[in-house]
Amino acid sequence: MLTDEDLYLRFDGYEDLKPLLDGSDEDVLVALGKPALIRIPGTDAMPEARLVSCLLHGNEDSGYRAVLEVLRAGERYPFDLWVVIGNVRAASQEGWFAHRFLDGQEDFNRVWGLQAPTTRMRRCADALLDVLLDARLAAAVDIHNNTGMNPYYVIVPDPTQESLALAAGLADTVLRWPLRARTLMEALSGHCPAVSVECGLPGLPANHAFASAILRRFLSMAEVGGSALGPPLRPQRVFEMMHRVVVRPEVPFAFGGALTEDLDLVLAVGLDSHNFGMMLAGTEVGRMHATAAMPLLATDMRERDTTARFFTVSADGSLRVTEDITPVMFTTTVLQTRRDCLFYVARRRA
Ligand SMILES: [Zn+2]
C-alpha cells in the first residue's frame with residue numbers, strides 16, 4: 001500500500017527545502033522528481049492560508065520560475081503559504097518544459113475532485129486536495145501559460161464577488177469560465193476564492209516577470225481582493241466563455257501550407273492575434289477540400305453542437321466564420337489543438 005508520501009513530496013518550512021533550491025530551476029525539478037506540496041508557516045498566531053500552484057501543465061514554466069524566486073527569498077507571511085508544484089515529470093522528461101503532460105498521463109489539471117481515483121495521478125490529486133481543503137485557505141491562485149498570443153488574463157471558474165475581486169487585484173482582463181473540467185481551482189472554488197492566471201507564452205522572460213509580479217501582488221494583498229474598508233475591486237474587462245471549437249479528431253490538419261492528399265484542413269496562420277479582440281464575419285479560418293464535410297466542431301458550455309452557427313464552407317473550400325466573434329486561446333500548434341482545443345468563443349460582458 002502506497003502512502004501519500006509516495007505520491008508527492010511534502011515540505012514543512014524552509015529547512016528541508018533550502019538545500020533543494022540551490023541549483024538551477026531545472027535542477028530543482030530533478031531533485032523533486034514528483035509533485036511537491038510545500039507549506040511555509042505563517043507568522044500570525046492563527047494564520048489563514050493562501051495557495052499558489054504552478055506546473056499543473058509541465059510545459060508552462062513562468063509560474064514555476066516565479067514560485068522558486070519566492071521560495072528562494074525565504075520570507076514568511078502573515079498567512080500560511082501553501083505551494084503546489086504539479087507535473088514535475090512532464091516538465092523534466094524528454095526535454096525541459098517540453099510537455100503539458102506525458103504520453104500515457106492524463107492532464108494534471110483535469111483530475112481534481114474525482115470520486116474513486118483509479119490512477120496514481122488521480123490518487124495524488126485526491127491526496128493533495130484533502131490536505132488543501134483542511135488548510136483554512138483564504139484564497140488560491142494557479143499560474144499557467146498559453147500556447148498562442150493572448151493578453152494576460154485571469155480565469156474565474158466560479159464568479160462570486162470574492163473571486164472577481166481577487167481576479168481584479170491580479171489583472172485587468174477576466175474570463176468567467178464555468179469549465180466543469182476537474183481543474184484544481186474548480187475543486188477549491190466552493191471553499192475559497194480561486195482563480196487561474198494566464199501569463200502568455202511560456203519560455204519568455206517578460207512572461208516570467210509578469211508571473212512574478214502577479215505572485216508579489218497576491219502575497220502582499222492585505223485582504224484578498226482589496227481593502228476591508230473600501231468596496232471590493234471589480235475587473236476592468238470581463239469576458240464570459242461561451243463555446244469551444246475543436247478540429248474533429250479524424251481530420252489531419254496543419255497550420256499554414258497547402259492542402260495535400262494527407263491533409264484535409266490547413267488552418268490560417270496568425271489567427272491567435274485576434275484573441276480577446278474581434279474576428280469579423282467572413283474571416284477565413286482555413287482551407288479544405290470543398291466537397292468534404294465540416295472539419296470543425298463547436299459546442300456550447302452545455303455541449304450542444306453550435307458548429308453551423310459559426311462556420312461555413314464556400315464552394316472553393318474556404319472555411320469562414322459567419323458572425324463577428326471574440327476568440328480566446330486560439331492556439332498555434334497541432335498538438336495543443338489535439339490536447340485541448342483550437343480556440344474558444346467568448347462574449348464581452350457589459
Ligand atoms: Zn495550463
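Let's start with Phe 311, which sits in strand β14, residues 311-313. (Helices, H or I with at least four residues, and strands, E with at least two, are DSSP runs numbered from the N terminus.) Residue numbers count from 1 along each chain as its sequence is written. Keep in mind that this is a predicted model, where local features need pLDDT of at least 70 and side-chain atom pairs count only at pLDDT 80 or more, while totals for chains, interfaces and linings use all residues.

Is Phe 311 buried or exposed? Phe 311 counts as buried because it has 20 C-beta neighbours inside 10 Å. The rule is that a residue is buried with 20 or more other C-beta atoms within 10 Å of its own, exposed with 12 or fewer, and partly exposed in between, with C-beta atoms placed from the backbone.

Leaving out residues up to four places away in sequence, Phe 311 touches Met 294, Leu 296, Ala 298, Leu 319, Val 321 and Thr 322. Touching, or being in contact, means that the C-beta atoms of two residues, placed from the backbone, lie within 7 Å. Val 245 is 66 residues away from Phe 311 in sequence, yet their C-alpha atoms are 10 Å apart in space.

## Two domains

The protein chain splits into domain 1 (4-235) and domain 2 (239-348), with bounds that come from an automatic or database domain assignment. Their C-alpha centres are 30 Å apart. Where they meet, domain 1 supplies 12 residues and domain 2 supplies 17. On the domain 1 side, five of these are nonpolar, five polar and two charged. (Ala, Val, Leu, Ile, Met, Phe, Trp, Tyr, Cys and Pro count as nonpolar, Asp, Glu, Lys and Arg as charged, and the others, Gly among them, as polar.)

## The largest nonpolar core

Now for the inside: which residues touch the most other members of the largest nonpolar core? They are Val 154, Ala 167 and Val 195, out of 101 residues. Both domain 1 (4-235) and domain 2 (239-348) give residues to this core, so it lies between them. (A nonpolar core is a set of buried Ala, Val, Leu, Ile, Met, Phe, Trp, Tyr and Cys residues joined through C-beta atoms within 7 Å.)

Among the residues that Val 195 touches are Val 141, Ile 155, Leu 166 and Met 185.

## The whole chain

Zooming out, the protein chain has 10 helices and 17 strands, and 44% of its 350 residues count as buried. The C-alpha trace spans about 70 × 50 × 40 Å along its principal axes.
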